[in-house]
Amino acid sequence: MILDHDVVVLGAGLAGMRAGLEAARNGVNVAIVSKVHPVRSHSGAAQGGINAALGAGDSWEIHAFDTIKGSDYLADQDAVEVMTSEAPQDIIELEHMGVIFYRNDEGKLGTRAFGGASKARTYFVGDITGQALLYTLYDQTLKSGVKVYEEWFATALYMVDGACRGVVCIDMMTGELNLLRAKAVIIASGGMGRVYEPSTNALICTGDGIALAYRAGAPLMDMEMVQYHPTTLKGSGFLMTEAARGEGAYLLNRDGERFMQRYAPKMMELASRDVVSRAETIEIAEGRGIDGNVLLDLRHLGRDVIMSKLPQIHEIALDFLGIDMVTDPVPVRPGMHYIMGGVRTDTDGATPIPGLYAAGECACVSVHGGNRLGANSLLDTLVFGRRSGLASSAYVKTVAAIASGEEFLAAEQRRIAALMTRPYAGETHARLRLELGMLMDAKVGVYRDEAGLQEALAGVEQLKRRYQSVAVGDKSRVYNQALTFVLELGYMLDCAEATVHGAITRKESRGAQSRTDYPQRNDADWLKHVVLRYQDGQPPSIDYLPVTITKWPPQERTY
Amino acid sequence: MKWSIEVGRYDRSQNPSGPNVHGYPPPYEAAPAKRYQIFEVELDDQAMVLDGLIAIREYQDESLAVRCACRSAICGSCGMWINGKANLACTTKLREVAQDGKVRVESPPSMPVIRDLVSDMTPFWKKNLSVRPWLEGKKPVPQGLEEYRVPNAAMENLIQEVSCISCGLCLMDCESFAINPDFLGPAALAKAYRYADDPRDATVKQRLGDYSQANGIWECTHCYMCVDRCPKGVAPLDQILKLRRMAVDAGFTNNAGTRHALAFAESVRDSGRLNELTLLPKSVGLFNIPAQLRALPTALNMLRAGKMPPIIHHKIPGVDRIKNIFKKVGGLFK
Ligand SMILES: Cc1cc2nc3c(=O)[nH]c(=O)nc-3n(C[C@H](O)[C@H](O)[C@H](O)COP(=O)(O)OP(=O)(O)OC[C@H]3O[C@@H](n4cnc5c(N)ncnc54)[C@H](O)[C@@H]3O)c2cc1C
Ligand code: SF4
Ligand code: SF4
Ligand code: FES
């Protein structure tokens, strides 16, 4: 089946729904497609909050500076200016849409402190901020009547003469492949957390849209910048929100010492994430951890604060470790959490490919540079979701109706059919996924070096070869998850390869990229973005883009 | 540890026309092709049911269909029947539900099935949509960088519902839904409360009127299942009771549900006990003969079982003290 829309948004997380709403407001025919029901999207997991310089004594310039310093000066400052200066309006708009933000005594929006921020500028709803935002946007999407294709899984972008004109998707309910033909496509497919094992990300965060755009010719940028969050739960890797430290929690080593005083005497536990994750890794490596973990101590906050402001992590620690954080500290370690890199876009979400836009975690504008500040990512999804919705709806008015596509759809149907009938040859998607995740965590994690990265590269290349013989262990048409897992694994391998190439290329330490063989930041040679382009059957081509500096020349970074 | 997981298997594509396919309303017990299959998995004693299902899917049978994403009661994907009770697979420990190391999982009979443990949630989403689940902001909308000024308590009051993850557990086991598929159900009505008690909403009165209609707030039988099943403490019944109070206060009393409640209260106030003979006519309306006739089979059954209420309704001794209680409580029944 071929269905026509002006704009198709791939992804129904915060970025996707915000983009869809904005495009609809501008009078174009929009559809949103998502492999899970919109409210199941990973945005719902964001606990802590969303940043904006809205309070007295704060300004977007201070927010911008914190963001740029947090990024280790790799963020493009024009983009950061756009994000931080438009943030207050976007937060207020969310409030008008119905988000039940926390209020202060005057009934105005109230804030909490977050890592790497010099002012308390994080707006929140308990510790379910992402969920509250996601549901409000979903409710608004229902109100707007925008068409949502739920449980449709994207398998390919439809390209015509170098421009993007649609997406082919499997309707999970029937197994049918359909082409959603469009004049513009906005990729808002989220991150690629599952490329790492463990990760705080949901099982659905597999980098699909990043890989689809990459294969279609869109350049990826700063893929080596993978954020490890300092407080992920022992074993399962679930996130213990930064809001815990924002509310005053301590990090302790095995001697009960608040070790951050040796690494970031001013900001202590609230230093930037890369800084805290490195400190923990050193503590653990030097034998001051407990069983590969350090302790997150909330006991002094008291039951009331914990239960009213942090109920969700209290529940998770209790469910998964049997630990009640009111009475006991919780073992945590750094764990893969977020990617700063992604599909390169301008501040309107446009990629260099006509008709192709990207927004949210899958995009790299770049506002996060080498390290994202907590609560800046939700903001990124909203600001650039909105802007890409607006820009694409203006763009589609310049494009004539798309007529073709039958052949492309037929070819894609043949490709999937061939995959379905591939005989079993000993490889399963599950085993390869696990091997990939362990490899990436071990070799492309908090600390990296040339030897380890070369091993990772060889490992990923080998996994890619083995992937060619993975079979689909389910032959049904209806809700065939084995098929989508195999497709996801393909996307993950592309993302992993790009990440490793980026990490090998950048011969310095900046933000999340800490190379023990190049321990210093090197502004003379590396104050630039690493840009990767896909080449069939070969390593990606690599070139560079300068970092845009407006008001804030690079300085040394201390917390 | 070895666990034995018995899974209810089903594939819609193999059953193109059974009642389970497009079938609605429930019940779907007659599903033609559900079969049970036992898998053995090796997992530690902290393992969740979902860990077991993932282990099966990854290493034994890739065709096992189960929705899951967050693995921590956030995304709401993994609602299913576990030993005959609606529950989340990702936060239910095997050791807490297994008997002799065995546990049974299946899609609940109250929902249509797509495949194995993947239910068709369409009824759930339709109900959600029908309560107008979005803010109709009061006009004028504050200008510039101004928010609606409301007390924090009014926002915190709504967090309970905003914690809802749309897992559908409440609806799956709701007793009114089992009888009346058109009942809006616990989650949708909790959402209805969330917007009806938002001080920023301009359409509260209209909402209360809508929710008081047939299949709305008065259709719930207080079975408490939703409160018991909800993994997020949403307590939908509590939200429904709040809506009822708001609706009665706003004057929406001309419906069977309110009349039933009023008749119930009046009878207790005036006689200290329930007059079952007058309850029905008072609820559906004295001259609503068809509705009273519809209840005739029930009445006849009661008669047969020796449960017919006495024709002459006696007051209990000390009924004055009950009247005093009503006076103290105040409200409509003083
Ligand atoms: C545990 C956790 C806590 C966090 N807390 C915070 C916080 O407090 N503050 C903050 O600012 N940030 C936080 N973040 C980061 C932030 O939540 C994410 O970066 C952000 O929500 C990403 O939103 P998104 O819209 O880009 O993508 P997502 O919400 O991940 O949505 C992606 C969408 O794409 C769809 N999709 C993907 N692939 C396909 C495909 N092949 N076919 C069809 N559809 C597809 C999915 O179905 C989904 O709808 C947190 C992240 C995690 C993991
Ligand atoms: S209390 Fe009411 S809404 Fe809740 S499960 Fe029972 S009948 Fe349904
Ligand atoms: S109210 Fe509770 S049980 Fe019902 S859908 Fe929401 S979270 Fe699930
Ligand atoms: S997997 Fe998300 S709620 Fe169970």
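Which residues of helix α3 (residues 122–130) of chain B are buried? In this predicted model, the buried residues of that helix are P123(B), F124(B), W125(B), K127(B) and N128(B). Their packing partners come from both chains: α4 (129–144) of chain A on one hand, and α5 (169–172), α6 (175–179) and α7 (186–196) of chain B on the other. Just after the helix, R132(B) takes a positive phi of about 55 degrees.

Of the 334 residues in chain B, 54% are buried. Among the contacts in chain B with a separation of 6 or more, 70% are between residues 24 or more positions apart.

The next topic is the meeting of the two chains. Here 66 residues of chain B are in contact with 65 residues of chain A. The area buried between them is about 5,200 Å², and carbon and sulfur atoms give 54% of it. On the chain B side, E62(B), R71(B) and E147(B) lose the most area to chain A, together 14% of what that side buries. Seven salt bridges are found across the interface of chain B and chain A. A salt bridge also joins E315(A) to K232(B), and the closest N and O atoms of this pair are 3.6 Å apart.

Returning to V105(B), and leaving aside its neighbours within four places in sequence, its contacts include I5(B), V7(B), V49(B), L53(B), M80(B), W81(B), I82(B) and L117(B). E6(B) and G8(B) are also in contact with V105(B).

Two ligands can be described through the residues around them. Ligand 2 is surrounded by 13 residues, of which the closest are C174(B), S176(B), C220(B), C223(B) and C226(B). Two helices of chain B, α9 (225–229) and α10 (236–249), are the elements that give two or more residues to this shell. The shell around ligand 2 divides into 10 nonpolar residues, three polar and no charged. Around ligand 3 there are 13 residues, and the closest are C164(B), C167(B), G168(B), C170(B) and C230(B). Here the division is 11 nonpolar, two polar and no charged.

Several loops are worth a visit too. In chain B, M111(B) sits in the loop between β5 (102–106) and β6 (113–115). M111(B) counts as buried because its relative accessible area is 0%. Although 11 residues separate M111(B) from T122(B) in sequence, their C-alpha atoms are 8.8 Å apart in space. The loop between β6 and β7 (118–119) of chain B holds D116(B). Phi of D116(B) is near 45 degrees, a positive value in a residue other than glycine. With a relative accessibility of 2%, D116(B) is therefore counted as buried.

M268(A) has 15% relative accessibility, so it counts as buried. D348(A) is found in the loop between β17 (342–344) and β18 (356–358) of chain A. Is D348(A) buried or partly exposed? The relative accessible area of D348(A) is 31%, so this residue is partly exposed. Not counting residues up to four places away in sequence, D348(A) touches Y357(A), R387(A), S388(A) and A391(A). From D348(A) to V365(A) is 17 residues in sequence and 8.9 Å in space, C-alpha to C-alpha. V365(A) is in turn joined to S366(A) by a cis peptide bond, with omega about 5 degrees. S366(A) belongs to the loop between β19 (363–364) and α11 (377–396) of chain A.

Definitions and conventions
Residues numbered from 1 in each chain as written. Chains lettered and ligands numbered in written order. Predicted model: local features only at pLDDT ≥ 70, side-chain atom pairs only at ≥ 80, totals over all residues. Heavy atoms only, no water. Contact = heavy atoms within 4.5 Å. Near = heavy atom within 4 Å. Helix = DSSP H or I, 4+ residues; strand = E, 2+ residues; numbered from the N terminus. Nonpolar A, V, L, I, M, F, W, Y, C, P; charged D, E, K, R; others polar. Buried area = accessible area lost by both parts, 1.4 Å probe. Salt bridge = Lys/Arg side-chain N within 4 Å of Asp/Glu carboxyl O. Buried < 20%, exposed > 50% of the residue type's maximum accessible area, 1.4 Å probe, protein only.
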